[in-house]
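Trainee: I have a model open and I would like to learn how to read its features. Can we go through them one at a time?

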Amino acid sequence: MSLEPDVVLRQVRALPADLRTLLPAIEAQVREVLPSGEPAVRNVYLTGVGDSYHAGRAAELAFVRLAGVRCRPVGAQRFALYSEPEQMTAADLVIGVSASGGTERVVEALARARSAGCRTLAVTGRPDSAVDRVAHAGITAQLPDDERSPGIRTYQASLLGLLSTALRLAELGGAGEQETARARDELWAATDVLAATNEALSTDAAAGVGELSAGVTAVVGSGPSHGTAQFAAAKLVETAGVPAFAQDLEEWWHVERFIRPVDNPLVVVAPPGRSRQRAEALAARAAGIGRRVITVQDRDDVSLARHSRVVLAVQGQVREEFSPVVYHCFASFLAAGLAQRLDRRPFLTDLPGGSPAVAPAPVPAVGALSEEVNR
(Lines give C-alpha, C1' and ligand atoms only; values in the text may rest on other atoms or scores of the structure.)
Protein backbone atom coordinates (compact mmCIF):
# COMPACT_ATOMS: atom_id res chain seq x y z
CA MET A 1 0.00 0.00 0.00
CA SER A 2 1.50 3.34 -1.07
CA LEU A 3 2.12 5.96 1.60
CA GLU A 4 1.66 9.65 0.84
CA PRO A 5 4.30 12.16 2.05
CA ASP A 6 1.53 13.94 3.97
CA VAL A 7 1.75 11.20 6.58
CA VAL A 8 5.09 12.68 7.63
CA LEU A 9 3.54 16.12 8.04
CA ARG A 10 0.72 14.70 10.14
CA GLN A 11 3.29 13.00 12.34
CA VAL A 12 5.42 16.07 12.97
CA ARG A 13 2.40 18.29 13.63
CA ALA A 14 1.19 15.86 16.29
CA LEU A 15 4.38 16.17 18.33
CA PRO A 16 3.39 19.01 20.72
CA ALA A 17 0.15 17.26 21.70
CA ASP A 18 2.02 13.96 22.08
CA LEU A 19 4.54 15.56 24.41
CA ARG A 20 1.78 16.91 26.65
CA THR A 21 0.03 13.53 26.72
CA LEU A 22 3.00 11.19 27.01
CA LEU A 23 5.30 12.95 29.43
CA PRO A 24 3.20 12.62 32.63
CA ALA A 25 2.48 8.95 31.90
CA ILE A 26 6.15 8.24 31.20
CA GLU A 27 7.31 10.06 34.32
CA ALA A 28 4.91 8.02 36.46
CA GLN A 29 6.23 4.76 34.98
CA VAL A 30 9.85 5.80 35.46
CA ARG A 31 9.26 6.46 39.15
CA GLU A 32 7.68 3.03 39.48
CA VAL A 33 10.42 1.06 37.74
CA LEU A 34 13.26 3.06 39.37
CA PRO A 35 12.15 3.36 43.01
CA SER A 36 14.13 4.91 45.81
CA GLY A 37 16.48 2.62 47.70
CA GLU A 38 17.75 0.75 44.65
CA PRO A 39 21.54 0.32 44.25
CA ALA A 40 23.20 3.27 42.57
CA VAL A 41 23.68 3.18 38.80
CA ARG A 42 27.20 4.02 37.67
CA ASN A 43 27.13 3.18 33.97
CA VAL A 44 24.30 3.31 31.43
CA TYR A 45 24.28 1.59 28.04
CA LEU A 46 21.64 2.72 25.54
CA THR A 47 21.00 0.17 22.81
CA GLY A 48 18.68 0.08 19.83
CA VAL A 49 18.48 -0.06 16.03
CA GLY A 50 17.73 2.77 13.59
CA ASP A 51 15.74 5.60 15.17
CA SER A 52 15.94 3.87 18.55
CA TYR A 53 19.72 3.98 18.36
CA HIS A 54 19.62 7.60 17.18
CA ALA A 55 17.49 8.44 20.22
CA GLY A 56 20.19 6.95 22.43
CA ARG A 57 22.86 9.06 20.79
CA ALA A 58 20.67 12.13 21.24
CA ALA A 59 19.97 11.39 24.93
CA GLU A 60 23.53 10.53 25.97
CA LEU A 61 24.40 14.01 27.24
CA ALA A 62 21.35 14.10 29.53
CA PHE A 63 22.57 11.00 31.35
CA VAL A 64 26.10 12.36 31.64
CA ARG A 65 25.35 15.95 32.62
CA LEU A 66 22.10 15.60 34.58
CA ALA A 67 22.45 12.17 36.19
CA GLY A 68 26.24 12.21 36.50
CA VAL A 69 26.67 8.68 35.15
CA ARG A 70 28.86 7.33 32.40
CA CYS A 71 26.74 6.64 29.34
CA ARG A 72 27.47 4.77 26.14
CA PRO A 73 25.06 4.41 23.20
CA VAL A 74 25.71 1.11 21.39
CA GLY A 75 23.92 -0.39 18.40
CA ALA A 76 21.96 -3.46 19.45
CA GLN A 77 23.74 -5.89 17.17
CA ARG A 78 27.13 -4.59 18.23
CA PHE A 79 26.15 -4.91 21.88
CA ALA A 80 24.84 -8.45 21.41
CA LEU A 81 27.86 -9.68 19.46
CA TYR A 82 30.82 -7.59 20.56
CA SER A 83 30.20 -6.19 24.03
CA GLU A 84 31.28 -8.10 27.10
CA PRO A 85 28.42 -7.75 29.59
CA GLU A 86 30.06 -10.50 31.66
CA GLN A 87 32.49 -7.78 32.73
CA MET A 88 29.63 -5.55 33.87
CA THR A 89 27.89 -5.57 37.24
CA ALA A 90 24.53 -4.77 38.80
CA ALA A 91 25.68 -1.14 38.87
CA ASP A 92 25.40 -1.16 35.08
CA LEU A 93 22.00 -0.38 33.54
CA VAL A 94 21.35 -1.51 29.97
CA ILE A 95 18.38 0.27 28.38
CA GLY A 96 16.95 -1.32 25.25
CA VAL A 97 14.88 0.98 23.01
CA SER A 98 12.40 -0.38 20.46
CA ALA A 99 9.38 1.57 19.26
CA SER A 100 7.72 -1.61 18.01
CA GLY A 101 8.77 -3.63 21.03
CA GLY A 102 9.71 -6.50 18.74
CA THR A 103 13.19 -5.64 17.44
CA GLU A 104 15.06 -8.95 17.54
CA ARG A 105 18.52 -7.44 17.96
CA VAL A 106 17.32 -5.46 20.99
CA VAL A 107 15.80 -8.60 22.50
CA GLU A 108 19.13 -10.38 22.04
CA ALA A 109 21.12 -7.49 23.51
CA LEU A 110 18.94 -7.30 26.62
CA ALA A 111 18.91 -11.07 27.03
CA ARG A 112 22.68 -11.17 26.98
CA ALA A 113 22.96 -8.27 29.43
CA ARG A 114 20.44 -9.80 31.82
CA SER A 115 22.05 -13.25 31.75
CA ALA A 116 25.34 -11.61 32.71
CA GLY A 117 23.79 -9.94 35.78
CA CYS A 118 23.26 -6.40 34.47
CA ARG A 119 20.13 -4.46 35.30
CA THR A 120 17.95 -4.07 32.21
CA LEU A 121 15.19 -1.66 31.25
CA ALA A 122 13.02 -1.57 28.12
CA VAL A 123 11.69 1.61 26.51
CA THR A 124 9.04 0.62 23.96
CA GLY A 125 5.87 1.75 22.26
CA ARG A 126 3.93 -1.46 22.87
CA PRO A 127 2.93 -2.97 26.23
CA ASP A 128 3.88 -6.57 26.94
CA SER A 129 6.16 -6.75 23.92
CA ALA A 130 9.06 -9.14 23.38
CA VAL A 131 11.52 -6.43 24.43
CA ASP A 132 9.49 -5.72 27.57
CA ARG A 133 9.38 -9.37 28.52
CA VAL A 134 13.12 -9.91 28.34
CA ALA A 135 13.99 -6.86 30.48
CA HIS A 136 13.72 -6.59 34.25
CA ALA A 137 11.33 -3.65 33.87
CA GLY A 138 9.78 -1.59 31.11
CA ILE A 139 8.53 1.87 30.21
CA THR A 140 5.80 2.04 27.57
CA ALA A 141 5.38 5.23 25.56
CA GLN A 142 2.28 4.18 23.65
CA LEU A 143 0.95 6.60 21.05
CA PRO A 144 -2.76 7.14 20.40
CA ASP A 145 -3.92 6.84 16.79
CA ASP A 146 -0.53 5.92 15.39
CA GLU A 147 -0.18 5.09 11.69
CA ARG A 148 2.46 3.57 9.47
CA SER A 149 5.07 6.19 8.69
CA PRO A 150 8.77 6.92 8.91
CA GLY A 151 9.18 7.03 12.68
CA ILE A 152 8.66 10.58 13.94
CA ARG A 153 6.15 10.43 16.76
CA THR A 154 7.74 7.16 17.90
CA TYR A 155 11.17 8.81 17.89
CA GLN A 156 9.97 11.59 20.19
CA ALA A 157 8.30 9.02 22.45
CA SER A 158 11.57 7.09 22.76
CA LEU A 159 13.45 10.31 23.48
CA LEU A 160 10.99 11.25 26.23
CA GLY A 161 11.41 7.82 27.81
CA LEU A 162 15.18 8.20 27.88
CA LEU A 163 15.24 11.81 29.04
CA SER A 164 12.75 11.06 31.84
CA THR A 165 14.95 8.15 32.92
CA ALA A 166 17.97 10.43 33.03
CA LEU A 167 16.07 12.90 35.22
CA ARG A 168 14.99 10.11 37.56
CA LEU A 169 18.56 8.85 37.88
CA ALA A 170 19.58 12.42 38.70
CA GLU A 171 17.07 12.41 41.57
CA LEU A 172 18.20 9.02 42.83
CA GLY A 173 21.85 9.98 42.52
CA GLY A 174 21.57 12.92 44.84
CA ALA A 175 21.28 15.81 42.39
CA GLY A 176 19.70 18.83 44.01
CA GLU A 177 15.92 18.52 44.15
CA GLN A 178 15.55 22.12 43.04
CA GLU A 179 17.88 21.68 40.08
CA THR A 180 16.14 18.48 38.97
CA ALA A 181 12.72 20.12 39.25
CA ARG A 182 13.95 23.05 37.17
CA ALA A 183 15.25 20.70 34.49
CA ARG A 184 11.95 18.82 34.41
CA ASP A 185 10.07 22.10 34.02
CA GLU A 186 12.32 22.96 31.08
CA LEU A 187 11.49 19.67 29.40
CA TRP A 188 7.80 20.41 29.84
CA ALA A 189 8.33 23.93 28.45
CA ALA A 190 9.75 22.44 25.25
CA THR A 191 6.12 21.88 24.20
CA ASP A 192 5.64 25.57 23.45
CA VAL A 193 8.95 25.82 21.60
CA LEU A 194 8.01 22.75 19.59
CA ALA A 195 4.64 24.17 18.59
CA ALA A 196 6.09 27.54 17.57
CA THR A 197 8.92 25.90 15.63
CA ASN A 198 6.53 23.65 13.72
CA GLU A 199 4.43 26.65 12.76
CA ALA A 200 7.48 28.51 11.44
CA LEU A 201 8.87 25.50 9.60
CA SER A 202 5.57 24.93 7.80
CA THR A 203 6.59 27.79 5.51
CA ASP A 204 10.34 28.25 6.08
CA ALA A 205 11.26 24.68 5.14
CA ALA A 206 10.29 25.22 1.48
CA ALA A 207 13.53 27.09 0.80
CA GLY A 208 15.50 24.22 2.28
CA VAL A 209 13.75 21.72 0.03
CA GLY A 210 15.03 23.62 -2.99
CA GLU A 211 18.62 23.34 -1.76
CA LEU A 212 18.32 19.56 -1.28
CA SER A 213 16.80 18.73 -4.66
CA ALA A 214 20.11 17.54 -6.11
CA GLY A 215 23.30 16.03 -4.75
CA VAL A 216 24.19 14.06 -1.65
CA THR A 217 23.05 15.68 1.58
CA ALA A 218 25.27 15.59 4.65
CA VAL A 219 23.67 16.35 8.02
CA VAL A 220 26.19 17.19 10.73
CA GLY A 221 26.19 17.91 14.44
CA SER A 222 28.06 17.02 17.62
CA GLY A 223 27.00 15.78 21.03
CA PRO A 224 23.22 15.28 21.15
CA SER A 225 22.99 16.96 17.75
CA HIS A 226 24.88 14.04 16.22
CA GLY A 227 21.90 11.87 17.18
CA THR A 228 19.60 14.51 15.68
CA ALA A 229 21.66 14.49 12.49
CA GLN A 230 21.41 10.70 12.27
CA PHE A 231 17.65 10.87 12.66
CA ALA A 232 17.36 13.64 10.06
CA ALA A 233 19.40 11.80 7.44
CA ALA A 234 17.29 8.70 8.02
CA LYS A 235 14.07 10.63 7.39
CA LEU A 236 15.38 12.02 4.09
CA VAL A 237 16.28 8.51 2.95
CA GLU A 238 13.11 6.78 4.17
CA THR A 239 10.67 9.45 2.99
CA ALA A 240 12.15 10.78 -0.24
CA GLY A 241 14.66 8.09 -1.17
CA VAL A 242 17.47 10.62 -1.61
CA PRO A 243 21.12 9.95 -0.69
CA ALA A 244 21.84 11.43 2.73
CA PHE A 245 24.15 10.62 5.60
CA ALA A 246 24.99 11.93 9.06
CA GLN A 247 28.38 12.74 10.48
CA ASP A 248 30.01 14.45 13.44
CA LEU A 249 31.06 18.03 12.75
CA GLU A 250 34.78 17.43 13.08
CA GLU A 251 34.77 14.11 11.24
CA TRP A 252 32.94 15.70 8.30
CA TRP A 253 35.57 18.41 8.06
CA HIS A 254 38.41 15.90 8.11
CA VAL A 255 36.96 13.55 5.47
CA GLU A 256 33.60 14.17 3.79
CA ARG A 257 34.25 17.82 2.93
CA PHE A 258 36.25 16.48 0.01
CA ILE A 259 33.17 14.90 -1.64
CA ARG A 260 32.42 16.34 -5.07
CA PRO A 261 30.62 18.22 -6.43
CA VAL A 262 31.52 20.99 -4.02
CA ASP A 263 28.00 22.43 -4.03
CA ASN A 264 26.48 19.37 -2.36
CA PRO A 265 24.11 20.49 0.42
CA LEU A 266 25.26 20.54 4.04
CA VAL A 267 22.78 20.75 6.93
CA VAL A 268 24.42 21.96 10.16
CA VAL A 269 22.48 21.25 13.36
CA ALA A 270 23.76 23.86 15.80
CA PRO A 271 21.79 24.58 18.97
CA PRO A 272 23.41 26.68 21.70
CA GLY A 273 25.84 24.45 23.55
CA ARG A 274 29.34 23.08 23.67
CA SER A 275 29.80 22.58 19.91
CA ARG A 276 28.07 25.77 18.76
CA GLN A 277 31.29 27.67 18.11
CA ARG A 278 32.79 24.82 16.10
CA ALA A 279 29.56 24.54 14.10
CA GLU A 280 29.81 28.19 13.05
CA ALA A 281 33.46 27.82 12.03
CA LEU A 282 32.61 24.75 9.96
CA ALA A 283 29.59 26.42 8.33
CA ALA A 284 31.72 29.41 7.36
CA ARG A 285 34.47 27.29 5.80
CA ALA A 286 31.97 24.96 4.09
CA ALA A 287 30.20 27.93 2.51
CA GLY A 288 33.59 29.24 1.46
CA ILE A 289 34.31 26.13 -0.61
CA GLY A 290 30.89 26.24 -2.25
CA ARG A 291 28.65 24.02 -0.10
CA ARG A 292 24.96 24.92 0.02
CA VAL A 293 24.74 25.38 3.78
CA ILE A 294 21.48 25.09 5.70
CA THR A 295 21.62 25.82 9.42
CA VAL A 296 19.22 24.51 12.03
CA GLN A 297 19.69 27.01 14.80
CA ASP A 298 18.27 29.30 17.42
CA ARG A 299 16.26 32.11 15.83
CA ASP A 300 18.47 34.78 17.45
CA ASP A 301 21.80 33.33 16.35
CA VAL A 302 22.68 36.05 13.83
CA SER A 303 26.38 35.22 13.51
CA LEU A 304 25.72 31.62 12.45
CA ALA A 305 22.99 32.66 10.02
CA ARG A 306 25.49 34.76 8.05
CA HIS A 307 27.04 31.58 6.64
CA SER A 308 23.77 29.92 5.61
CA ARG A 309 21.72 30.00 2.44
CA VAL A 310 18.68 28.86 4.41
CA VAL A 311 18.04 29.23 8.14
CA LEU A 312 15.63 26.77 9.77
CA ALA A 313 15.05 28.50 13.07
CA VAL A 314 14.00 26.98 16.36
CA GLN A 315 11.58 29.39 18.03
CA GLY A 316 12.92 29.50 21.57
CA GLN A 317 15.75 28.20 23.71
CA VAL A 318 16.09 24.81 25.35
CA ARG A 319 19.08 23.49 27.23
CA GLU A 320 21.43 21.40 25.12
CA GLU A 321 20.47 18.16 26.87
CA PHE A 322 16.87 18.61 25.69
CA SER A 323 17.63 20.16 22.30
CA PRO A 324 16.90 16.93 20.36
CA VAL A 325 13.23 17.21 21.34
CA VAL A 326 12.80 20.31 19.18
CA TYR A 327 15.78 20.36 16.81
CA HIS A 328 14.74 17.24 14.88
CA CYS A 329 11.46 18.66 13.52
CA PHE A 330 13.05 20.33 10.50
CA ALA A 331 13.86 16.91 9.03
CA SER A 332 10.21 15.93 8.66
CA PHE A 333 9.30 19.11 6.79
CA LEU A 334 12.30 18.79 4.47
CA ALA A 335 11.69 15.09 3.85
CA ALA A 336 7.99 15.48 3.08
CA GLY A 337 8.57 18.50 0.86
CA LEU A 338 11.32 16.74 -1.04
CA ALA A 339 9.18 13.63 -1.57
CA GLN A 340 6.37 15.79 -2.91
CA ARG A 341 8.71 17.66 -5.26
CA LEU A 342 10.24 14.43 -6.59
CA ASP A 343 6.85 12.62 -6.67
CA ARG A 344 8.10 9.84 -4.41
CA ARG A 345 6.54 7.89 -1.56
CA PRO A 346 7.98 6.83 1.80
CA PHE A 347 9.65 3.42 2.06
CA LEU A 348 9.69 3.03 -1.77
CA THR A 349 5.95 2.27 -1.68
CA ASP A 350 5.52 3.97 -5.08
CA LEU A 351 7.49 1.12 -6.68
CA PRO A 352 5.77 -1.99 -8.10
CA GLY A 353 5.26 -4.42 -5.26
CA GLY A 354 5.88 -1.77 -2.61
CA SER A 355 8.86 -1.54 -0.31
CA PRO A 356 11.19 -4.53 -0.59
CA ALA A 357 11.34 -6.46 2.64
CA VAL A 358 14.55 -8.41 3.07
CA ALA A 359 15.05 -9.78 6.54
CA PRO A 360 18.63 -9.92 7.83
CA ALA A 361 20.12 -13.28 8.63
CA PRO A 362 19.36 -14.38 12.19
CA VAL A 363 22.01 -13.78 14.82
CA PRO A 364 23.21 -16.90 16.65
CA ALA A 365 21.82 -17.41 20.13
CA VAL A 366 24.06 -16.09 22.90
CA GLY A 367 25.11 -19.57 23.92
CA ALA A 368 26.21 -20.35 20.39
CA LEU A 369 28.40 -17.28 19.95
CA SER A 370 31.66 -18.97 20.95
CA GLU A 371 30.95 -21.92 18.66
CA GLU A 372 30.21 -19.54 15.76
CA VAL A 373 33.51 -17.72 16.29
CA ASN A 374 35.48 -20.98 16.27
CA ARG A 375 33.99 -22.32 13.04
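Trainee: How many nonpolar, polar and charged residues are in the lining of the largest cavity?

Mentor: This is a predicted model, and in it the lining of the largest cavity divides into five nonpolar, five polar and two charged residues. The volume of this cavity is about 80 Å³. Among the residues that line it are Ser-98, Ala-99, Arg-126, Asp-146 and Thr-154.

Trainee: Which element gives the most to the lining of the largest cavity?

Mentor: Helix α7 does, with three residues. Both β4 (119-124) and α7 supply at least two residues each.

Trainee: What lines the second largest cavity, and how do the residues divide by class?

Mentor: About 60 Å³ of space lies in the second largest cavity. Its lining includes Phe-245, Trp-252, Glu-256 and Arg-291. By class there are seven nonpolar residues, one polar and two charged. The count of cavities of 30 Å³ or more comes to three.

Trainee: Next, pockets. How much space lies in the largest pocket?

Mentor: A pocket is open, whereas a probe inside a cavity cannot get out. The largest pocket holds about 500 Å³ of space. It is lined by 23 residues, and Asp-51, Ala-99, Ser-100, Gly-151 and Thr-154 lie nearest its centre. The lining divides into seven nonpolar, nine polar and seven charged residues.

Trainee: Which elements each supply at least two residues of that pocket lining?

Mentor: They are α3, β3, α7 and α9. The most comes from α7, with three residues.

Trainee: Let us take α3, then. How do I read a helix?

Mentor: Start with the general idea: an α-helix has 3.6 residues a turn, so residues three or four places apart point the same way. Then look at length. Helix α3 has 15 residues and reaches 22 Å from its first C-alpha to its last, close to the 21 Å expected. Look also for a bend: α3 bends by about 40° at Ala-59.

Trainee: Is α3 mostly covered or mostly exposed?

Mentor: Mostly covered, as eleven of its 15 residues are buried. The buried residues include Tyr-53, His-54, Leu-61 and Phe-63. Among the elements that cover them are β1 (43-48), β2 (70-75), β3 (92-98) and α7 (153-172).

Trainee: Why does Ser-52 count as buried?

Mentor: Buried means under 20% relative accessible area. Ser-52 is buried because its relative accessible area is 8%. Ser-52 is found in α3. Leaving out residues up to four places away in sequence, Ser-52 touches Val-97, Ser-98 and Ala-99.

Trainee: What should I look for in the backbone?

Mentor: Most residues other than glycine have a negative phi, and most peptide bonds are trans. Look for departures from that. Asp-145 is not a glycine, yet it has a positive phi of about 55°. Leu-348 is also not a glycine and has a positive phi, of about 60°.

Trainee: Where are Asp-145 and Leu-348?

Mentor: Asp-145 is in the loop between β5 (137-140) and α7. Leu-348 is in the loop between α14 (329-342) and α15 (369-374). Asp-145 counts as exposed, at 73% relative accessibility, while Leu-348 is partly exposed, at 38%.

Trainee: Which peptide bond is cis?

Mentor: The bond from Arg-260 to Pro-261 is cis, with omega near -5°. Pro-261 has its place in the loop between α10 (249-254) and β8 (265-270).

Notes:
Residues numbered from 1 in each chain as written. Predicted model: local features only at pLDDT ≥ 70, side-chain atom pairs only at ≥ 80, totals over all residues. Heavy atoms only, no water. Helix = DSSP H or I, 4+ residues; strand = E, 2+ residues; numbered from the N terminus. Buried < 20%, exposed > 50% of the residue type's maximum accessible area, 1.4 Å probe, protein only. Contact = heavy atoms within 4.5 Å. Expected span 1.5 Å × (residues − 1). Bend = angle between axes of the 7 residues up to and from the residue. 1 Å grid on protein atoms, 1.4 Å probe; cavity = no way out; pocket = protein on both sides within 12 Å on 5 of 7 lines; lining within 4 Å. Points joined across faces, edges and corners; volume = space filled by probe spheres on them. Nonpolar A, V, L, I, M, F, W, Y, C, P; charged D, E, K, R; others polar.
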